[in-house]
Amino acid sequence: MADYQRICLVHYHEIGLKGRNRSSFEVRLVRNLEALLEPFPVVQIKRISGRILVVLAGDCSYEDACGVEDAIQYIPGVARVSCGYICDREIDIINDAAACALHDVGVFESFKVAARRNHTDFAIDSMEMNQIVGAHLCEQFPQAKVKMKEPDVEVRVEVIQGAAYVYARSLRGIGGLPVGVSGRVICLLSSGIDSPVACWRMARRGAVCIGVHFSGRPAAEATSEYLVDDIAHVLEKTGCIARVYVVPFGEYQRQIAALVPPDLRVIIYRRLMFKVAEALAHKERARGLVTGESLGQVASQTLDNIAATNDAVSLPVLRPLIGSDKLEIIQQAQDLGTFDISSQDATDCCTLFMPRNPETHAKLDKVREAEQLLPIDAWIEHILEEIEVKDYSCPAYTS
Ligand code: ATP
Ligand code: MG
């Protein structure tokens, strides 16, 4: 079998639905792919006929190609990635490339061929191509069965714009929209299990995520900050996070604990977190806040308490996990690769100065009254002065 140029074809259905925005979405996805595939042996990325073509280096091995395919699969906006070859539009060559593509699949029992031509300037129509390529593959793989319904493998042949693309390996992508097409959000990132998943879900809907983490420092160790950094590195691999602001919050909590009735402390901590996040949103031109809250999961996540914290800010607070069960969230954290990091013990600000019986149904007037005793505006100003920032590479972000 001859060597053909290896390629990946990136499919994206949702983008196709977006009418006039389509082209800007495609451009965004191409740019994200270009940046995220930088470390891989890729020579060209371009749009072709409703797909994105990723051309791999001439000397790219099968293993290298699998690495590229794997990286592409998890990039938001990718519905499917297929790995195969580009070759000349000549039927003998197409046959040969199809055999290479089927060989790459490894173990399989049955297959079928699904050919398509974009223009009638290619003399052989798709039905004929199916038959010719199918017959050739039957010769080359005598053990394999042809099966029209639910075969193990579909060998695709697409004759488009002066070339033929042939592939048999095809993986489902994570879907969604390319990061950068939905604006910016500020994600409240603890080192826990939920908030990284919430952040990732927003990135998968096209938002550029900027994290803010409230550390227990100086009253506690900086362990949670290291964990958040590890989490951000995981999110960074698929271009989902641009930066993380870190707020040493321990001292403010200590003062709140000293001045506010114990049952309202948690709500007041959280209101202050939201206000700081909102100030950062203005600075970053972000249009929403994101948390990992899930209804009823813990004391602060009742509808009354959600209302009492929302009252602290005017930007929309998005809670992508609000209707998810813990087990679903854990599964997603495992798939994402943040679960093991989040499962490590760390004292973040949440575990500091916790009252024994936090209020589960906070009354707004009482909360506001308690908060009035505190120099909130001065604190926010001071927090913004001493805030620390860490940057991550996000192709869709420019500061
Ligand atoms: P998580 O698993 O995300 O830590 P949780 O189940 O521990 O969530 P809470 O402690 O009530 O629940 O936190 C709810 C949400 O508030 C978190 O998902 C996160 O968005 C935000 N949050 C909590 N603690 C912090 C923190 N230290 N820094 C930044 N955001 C936080
Ligand atoms: Mg937590």
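**A first walk through the model**

Colleague: What should I know before reading numbers?
Modeller: This is a predicted model: local features need pLDDT of at least 70, side-chain atom pairs need pLDDT 80 or more, and totals for chains, interfaces and linings use all residues. Residues are numbered from 1 along each chain as its sequence is written, chains are lettered from A and ligands numbered from 1 in written order, and side-chain values use heavy atoms, without hydrogens and water.

Colleague: How many helices and strands does the protein chain have?
Modeller: There are 14 helices and 14 strands. Both are DSSP runs numbered from the N terminus: helices are H or I with at least four residues, strands are E with at least two.

Colleague: What box do the C-alpha atoms fill?
Modeller: Roughly 80 × 35 × 35 Å, along the principal axes.

Colleague: And what share of the residues is buried?
Modeller: Of the 399 residues, 54% count as buried. Buried means under 20% relative accessible area, exposed means over 50%, and partly exposed lies in between (1.4 Å probe, protein chains only).

Colleague: On to the ligand. Which residues are closest to ligand 1?
Modeller: L188, S190, D194, S195 and F214 are the closest of the 21 residues that surround ligand 1. To be near, a residue needs a heavy atom within 4 Å.

Colleague: Which polar atoms face ligand 1 there?
Modeller: A polar backbone atom of D194 is 2.8 Å from an oxygen atom of ligand 1. A side-chain N or O atom of Q301 lies 2.9 Å from an oxygen atom of ligand 1. A backbone N or O atom of L189 is 3.4 Å from a nitrogen atom of ligand 1.

Colleague: How much of ligand 1 does the protein bury?
Modeller: The protein buries 90% of the 570 Å² that ligand 1 exposes when taken alone.

Colleague: Which elements give two or more residues to that shell?
Modeller: They are α6 (194-204) and β10 (208-215). β10 gives the most, with three residues.

Colleague: New topic: S82. Where is S82 found?
Modeller: S82 is in strand β4, residues 78-87.

Colleague: Why does S82 count as buried?
Modeller: Because its relative accessible area is 1%.

Colleague: What does its side chain do?
Modeller: The S82 side chain makes a polar contact with the side chain of H11 at 3.0 Å. Another goes to the side chain of S170, also 3.0 Å. A polar contact is a pair of N or O atoms within 3.5 Å; within protein, one must be able to donate a hydrogen and the other to accept it, and residues adjacent in sequence count only if both atoms are side-chain atoms.

Colleague: Is Q131 buried or exposed?
Modeller: Q131 is exposed, because its relative accessible area is 55%. Q131 sits in helix α5, residues 126-140.

Colleague: And N95?
Modeller: N95 is in helix α4, residues 91-105. N95 counts as buried because its relative accessibility is 7%. Leaving aside neighbours within four places in sequence, N95 is in contact with I132, V133 and H136.

Notes
Areas by Shrake-Rupley, 256 points an atom, 1.4 Å probe, with all protein chains shown as cover. Contact = heavy atoms within 4.5 Å.
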